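This report is for a reader meeting the structure for the first time. Please look over the sequence and the 3D view before reading on.

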Amino acid sequence: MKGGSGPRRREQRGGSAEARSHPVERSRQVAVIGSGSCEVGSEAWTLAEEVGRRLAEAGVTVVCGGLGGVMEAASRGAARAGGAVIGIVPGFSVDDANAHCTHVVASAIGYARNLSVVASGDAVIAIGGEWGTLSEIGHARVFGRTVVALRSWGLTGREKMEGAPGVIPVETPEEAVRAVLEALS
């Protein structure tokens, strides 16, 4: 509206031209990834639930794909410990998320949302997993995120990829959370 009487651009956005005097301090976020098909009581479920709980107790926000399996178990563990859980679901409805997600993003981009899940974590914990988990591990490393692999994919490589740099294999939830917290410090 050139020369019109409408609101100025900064007012339309609800913002201010002034800088914030008190920046908001964001909590650390860790993406938890793994199979969406593991069942309650399985090894992967038990590991994920404990990882979620330990992350929440450390004041870390859990980010996940928001559906079942490892995602639901980690969400449940974190929520029961009073933590925040961001579920990024593949569909267009926030109602698709598991009941333990405290915040939900309906991405409406299908499984391409896996990129958003690992990009939203300051680091990633992979628990068990199938092909989708493997792709998320690869994307996380491309984005420069440390990946802690809790009984997950064992990776090898050649030349500069030898030893899977940036991927830390661990065997217990305690080791996983300790390793991810060290990576974030």
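## Overall layout

The model is predicted. Its chain has 185 residues, of which 39% count as buried. The secondary structure comes to 6 helices and 7 strands, and from the N terminus on the elements follow the order α-β-α-β-α-β-β-α-β-α-β-β-α.

Among contacts between residues at least 6 apart in sequence, 58% join residues at least 24 apart. The chain exposes about 10,300 Å², and carbon and sulfur atoms supply 50% of that area.

In soluble globular proteins, nonpolar side chains tend to be buried together. The largest nonpolar core here has 32 residues, and those touching the most other members are Val 32, Val 51, Leu 55, Ile 125, Ile 127 and Leu 150. At least two residues of this core come from each of E1, H2, E2, H3, E3, E5, E6 and H6. H2 gives the largest share, 7 residues.

Apart from this core lies another, of 15 residues, which includes Ala 31, Ile 86, Ile 88 and Val 118. As for Val 32, its contacts beyond the neighbours within four places in sequence are Val 51, Leu 55, Val 62, Val 63, Cys 64, Val 70, Ala 74, Ile 125 and Ile 127.

## Helix H3

Helix H3 covers residues 70–80, and its buried residues are Val 70, Met 71, Ala 73, Ala 74, Ser 75, Gly 77 and Ala 78. The elements that cover them include E1, H2, strand E2 (61–64), strand E3 (85–89), helix H4 (113–120) and E5. Just after H3, Gly 82 has a positive phi of about 85°.

## Helix H6

Helix H6 consists of 12 residues, 173–184; at 1.5 Å a residue it should span 16 Å, and its end C-alpha atoms are 17 Å apart, which agrees. Which residues of H6 are buried? They are Pro 173, Ala 176, Val 177, Ala 179 and Val 180. These residues cover an arc of only 165° around the axis, so they lie on the same side of H6. An α-helix has 3.6 residues a turn, so residues three or four places apart point the same way.

The buried residues of H6 pack against strand E1 (29–34), helix H2 (43–57), strand E5 (123–127), strand E6 (147–150) and strand E7 (167–170).

## The aromatic pair

The structure holds 1 aromatic pair. The ring centres of Trp 131 and Trp 153 are 5.2 Å apart and the ring planes meet at 40°, so the pair is tilted. It links distant parts of the chain, 22 residues apart: Trp 131 belongs to helix H5 (residues 131–142), and Trp 153 to the loop between E6 and E7.

Trp 131 counts as exposed because its relative accessibility is 66%. Trp 153 has a relative accessible area of 26%, so this residue is partly exposed.

Arg 151 is not a glycine, yet it has a positive phi of about 50°. The residue sits in the loop between E6 and E7, where Arg 151 is partly exposed with a relative accessible area of 36%.

Ala 164, also a residue other than glycine, has a positive phi near 50°. Ala 164 is placed in the loop between E6 and E7. Is Ala 164 buried or exposed? At 9% relative accessibility, Ala 164 counts as buried, since the cut-off for buried is under 20%.

Conventions. Residues are numbered from 1 along each chain as its sequence is written. This is a predicted model: local features need pLDDT of at least 70, side-chain atom pairs count only at pLDDT 80 or more; totals for chains, interfaces and linings use all residues. Side-chain values use heavy atoms; hydrogens and water are left out. Helices (H or I, at least four residues) and strands (E, at least two) are DSSP runs, numbered from the N terminus. The expected span of a helix is 1.5 Å times one less than its number of residues. Buried means under 20% relative accessible area, exposed over 50%, partly exposed in between (1.4 Å probe, protein chains only). The arc is that of the directions from the helix axis to the C-beta atoms. Contact means heavy atoms within 4.5 Å. Rings of Phe, Tyr and Trp (its six-membered ring) pair if their centres lie within 6.5 Å; planes under 30 degrees apart count as stacked, over 60 as edge-to-face and the rest as tilted. A nonpolar core is a set of buried Ala, Val, Leu, Ile, Met, Phe, Trp, Tyr and Cys residues joined through side-chain atoms within 4.5 Å. Accessible areas come from the Shrake-Rupley method with a 1.4 Å probe; for residues, only the protein chains shown count as cover.
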